[in-house]
Amino acid sequence: MLNLFVHGTVTEIEPIAERMRRVRVSGPELRDLSWTPGTHIRLRVGDPRRPRSWPQGLLRTYSIWDYSPEGHLDVCVLDHPAAGPGASWSREVGVGDTAAFIGPKGRFALREGASYHLFAETRPRPSRSARCCARCRPRPSCTA
């Protein structure tokens, strides 16, 4: 049977900021993946056996925070108040749980020897943080 998913075990969960969790997935299937900086995975955050989770989506995309060819990778998940499927998964997952993902994927490439790299957003609408800053610019307490 063809399996599109890479499987591993959650081996570490660490809060790295007030609303951000680093989740480490480890296992033999993660050894020697074709990874380069800037690639991402499609992490299964819904339960395919629970049809009620399907409308919210079974997969979420996360950039790989760190990768080791010895067999582990880290993703960082934002725990926002609205708690979408990814945030809910990061709250509920525990060390020892199975994690599954598709990837790594991506065409992001850094040119070796370049004196700088420019990163730009390509979405047709302003990002949430840009909209937030436009709304609350007068408030010095904004950290977006």
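In this predicted model, Asp74 is a buried residue, with a relative accessible area of 2%. This value falls under the 20% limit that defines burial. Asp74 is part of strand 5. Its side chain takes part in polar contacts with two arginines: one of 2.7 Å with the side chain of Arg24 and one of 3.3 Å with the side chain of Arg22. Leaving aside residues up to four places away in sequence, Asp74 touches Arg22, Val23 and Arg24, together with Ser63, Ile64, Trp65 and Asp66.

The largest nonpolar core comprises 19 residues, of which Leu30, Ile41, Leu43, Leu73, Val75, Trp89 and Phe101 touch the most other members. Two or more residues of this core come from each of strand 1 (6–17), strand 2 (20–26), strand 3 (40–44), strand 4 (59–68), strand 5 (72–78) and strand 6 (98–105). For Ile41, the contacts beyond four places in sequence are Arg60, Thr61, Tyr62, Ile64, Leu73, Val75, Phe101, Ile102 and Pro104. Among these partners, Leu73, Val75 and Phe101 are also listed with Ile41 as core residues that touch the most other members.

Strand 6 is largely enclosed by the rest of the structure, because six of its eight residues are buried. Strand 6 pairs with strand 1 in the antiparallel sense, through four bridges; in this pairing, His7 has Ala100 of strand 6 as its bridge partner. Strand 3 also runs antiparallel to strand 6, and three bridges join the two. Here the bridge partner of His40 is Lys105 in strand 6.

Methods: Residues numbered from 1 in each chain as written. Predicted model: local features only at pLDDT ≥ 70, side-chain atom pairs only at ≥ 80, totals over all residues. Heavy atoms only, no water. Core = buried A, V, L, I, M, F, W, Y, C linked by side-chain atoms within 4.5 Å. Buried < 20%, exposed > 50% of the residue type's maximum accessible area, 1.4 Å probe, protein only. Contact = heavy atoms within 4.5 Å. Polar contact = N/O pair within 3.5 Å; in protein donor to acceptor, adjacent residues only side chain to side chain. Pairing = 2+ DSSP bridges.
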